[in-house]
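These are my notebook entries on a structure I went through today. I wrote down each thing in the order in which I looked it up.

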Amino acid sequence: MRFTPDELRPLAIFDGLGDEPLSWLSDHGTRIVLNTGERMFNHGQPADFMFIVVSGKIERYEEIGGQWLMVATTVRGQVTGMLPYSRMTHYPGHTIAAEPSEVLRVKKTDFDAMLAVSQALGKRLVAEMSNRVRGDVRLEQQREKMMALGRLSAGLAHELNNPTAAIRRTVATLGSQIRGQTEVMIQMAKGGLENEAIDGIRRLRDTARRRDAPDLSPLERSDREEDLAAWLEEHGIDEAWEIASALAETGLREENLERCAEAVPEASLADALAWVAGNIQVDRMLEEISSSAGRVSELVASVKVYTHMDRSSEHKPTDVREGLDKTLTMFGHKIKQKNIRLVRGYPDTLPTIPGNAGELNQVWTNLIDNAIDAMTDGGALRIEVGVDDWCVDVKVIDDGRGIPDEIRPRIFDPFFTTKDVGEGTGLGLDIARRIVQTHRGQIDVRSRPGGTEVLVRLPIAPEERVG
């Protein structure tokens with residue numbers, strides 16, 4: 001059964017066309033009836049047909065990041081599948097009827113005859129293809145962003161895990177340490193210490209807090225601990241090595257302990273020194289918690305600056321060093337994982353450029369990610385920033401395998417990639433170039449076996465130009 005010209009006439013794609021093209025489509029097209037959930041075509045199937053939805057709704061699914069996700073919906077009067085002049089050879093995904101649907105199917109082999117019947121229909125289908133290409137490019141750009149975000153998220157999760165795990169461990173130990181301190185204080189209170197003894201203990205604790213252990217070699221530190229442990233054992237103090245280790249961290253020496261012993265009764269000396277050592281350990285744990293929490297805050301701040309969640313899309317005065325540093329923070333785990341030596345070469349002062357920081361961070365992400373992927377373990381990555389009278393220059397230099405001469409002319413082509421399926425969309429450098437161009441800048445790649453240099457030139461804000 002075929003569609004009649006009257007059934008096709010109300011569709012938007014055929015609006016205003018005469019009877020001849022509608023009659024041709026009625027005679028040469030096939031009526032396809034789909035139930036809900038039924039597939040119209042499958043992923044990888046040869047792209048031999050054009051489909052025009054006459055009624056219902058068709059959903060298109062593609063594999064993204066290992067999952068099949070809906071990427072487009074085609075409704076009444078819209079076209080999908082193969083189009084005239086398209087280079088598609090196989091369908092990139094599969095389609096499913098989201099509701100009962102009827103579709104006009106036209107063979108690819110009939111396209112020339114169809115276009116000969118109606119140039120107007122041909123122009124409309126070419127316009128549809130242009131719209132689809134633009135939509136596919138936007139989709140691939142979003143996919144590229146999501147893939148980059150996924151790669152960064154894995155590293156960021158690892159970076160966050162280290163300080164948070166350290167906080168958990170330290171808090172657990174801190175609780176035990178504080179409880180032990182309470183018991184020692186109770187024992188000292190039972191000893192009925194005089195004010196002179198309490199002042200002596202406080203002086204030793206304050207001295208420890210004011211002093212830091214000198215930069216000792218492992219052997220020198222061991223000798224220091226041995227001297228303190230020997231003093232403690234001579235005074236009959238249990239757990240001498242544990243206490244000596246804590247006291248040595250602060251740079252205390254035997255003479256400091258002697259002054260404390262002169263003020264504290266012998267029966268309470270062990271408790272007094274254990275309490276001071278415990279205080280030192282509590283202080284160190286609090287410093288560790290503060291440092292780890294600071295690292296978490298730093299990472300969160302880096303994410304906020306990197307994504308520029310609190311900024312609009314306008315071009316504003318931008319310091320490229322900040323964006324580079326935050327992007328490198330996002331890649332911290334990946335850099336450590338490959339044992340890459342990172343070298344920054346920044347000038348002391350740098351003028352701002354008029355830019356969109358979030359878009360520029362996407363440029364740095366693509367360039368740095370490519371550089372890391374190109375390098376072997378133990379390589380060197382260098383980020384250089386320079387300035388002349390009119391431009392800020394950013395160089396991303398790696399000592400990786402380089403770009404073969406035969407593919408170098410194509411590296412900026414949309415969808416061209418040398419990475420395995422699922423690891424890249426081939427839009428990274430294309431997106432970087434487009435963003436640089438919208439900033440009135442230039443991007444250039446120089447490569448040889450054993451190294452690649454990408455140069456990005458961005459104009460300085462007029463009020464900050466040197467010349």
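Which residue in β7 is the bridge partner of methionine 50? I looked this up in the model, which is a predicted one, and found that valine 106 is the partner of methionine 50.

**Entry on the four-stranded sheet.** I returned to the pair that holds methionine 50 and valine 106, and saw that strand β2, residues 49-55, is joined to strand β7, residues 101-107, by six bridges, with the two strands running antiparallel. Stepping back, I found that these strands belong to an open sheet of four, ordered β1-β7-β2-β5, in which the pairing is antiparallel. At the edges I noted β1 (30-34) and β5 (79-81), each of which pairs on one side only. On average, neighbouring strands of this sheet are turned by 35 degrees against each other, if direction is ignored.

**Entry on the five-stranded sheet.** Next I traced an open sheet of five strands in the order β9-β11-β12-β14-β13, and here I recorded the pairing as mixed. Its edge strands are β9 (341-345) and β13 (442-448), and each pairs on one side only. From one strand to the next, the twist averages 10 degrees. I then followed β13 to its antiparallel partner β14, residues 451-459, and noted seven bridges between them; serine 447 stands opposite threonine 452 of β14.

Which strands does helix α10 touch where it packs on the sheet? I found that α10, residues 320-330, touches β9, β11 (380-387), β12 (391-398) and β14, and that its direction makes about 170 degrees with that of β11. Helix α12, residues 357-374, also packs on this sheet, touching β11, β12, β13 and β14, and its direction makes about 25 degrees with that of β12.

**Entry on α10 and α12.** I then looked at how these two helices meet, and found an angle of about 50 degrees, with the axes 9 Å apart, which means that α10 is oblique to α12. The crossing of α10 past α12 is right-handed. From α10, Val320, Gly323, Leu324, Thr327 and Leu328 meet Asn361, Trp364, Thr365 and Ile368 of α12. Sorted by class, this contact of α10 with α12 has five nonpolar and four polar residues, and no charged ones.

**Entry on α6 and α7.** At what angle do helix α6 and helix α7 pack? I noted about 130 degrees between α6 (residues 218-234) and α7 (residues 240-249), with their axes 8 Å apart, and therefore α6 is oblique to α7. Here α6 passes α7 in a right-handed crossing. I listed some of the residues that make the contact, including Arg221, Leu228 and Leu232 of α6, and Trp241, Ile243 and Leu247 of α7. By class, I recorded nine nonpolar, one polar and six charged residues in the contact of α6 with α7.

Notes:
Residues numbered from 1 in each chain as written. Predicted model: local features only at pLDDT ≥ 70, side-chain atom pairs only at ≥ 80, totals over all residues. Heavy atoms only, no water. Pairing = 2+ DSSP bridges. Axes fitted to C-alpha atoms, helices over the stretch in contact; angles between N-to-C directions. Contact = heavy atoms within 4.5 Å. Parallel < 35°, antiparallel > 145°, perpendicular 65-115°, else oblique. Left-handed = near helix turned anticlockwise from the far one by under 90°. Nonpolar A, V, L, I, M, F, W, Y, C, P; charged D, E, K, R; others polar.
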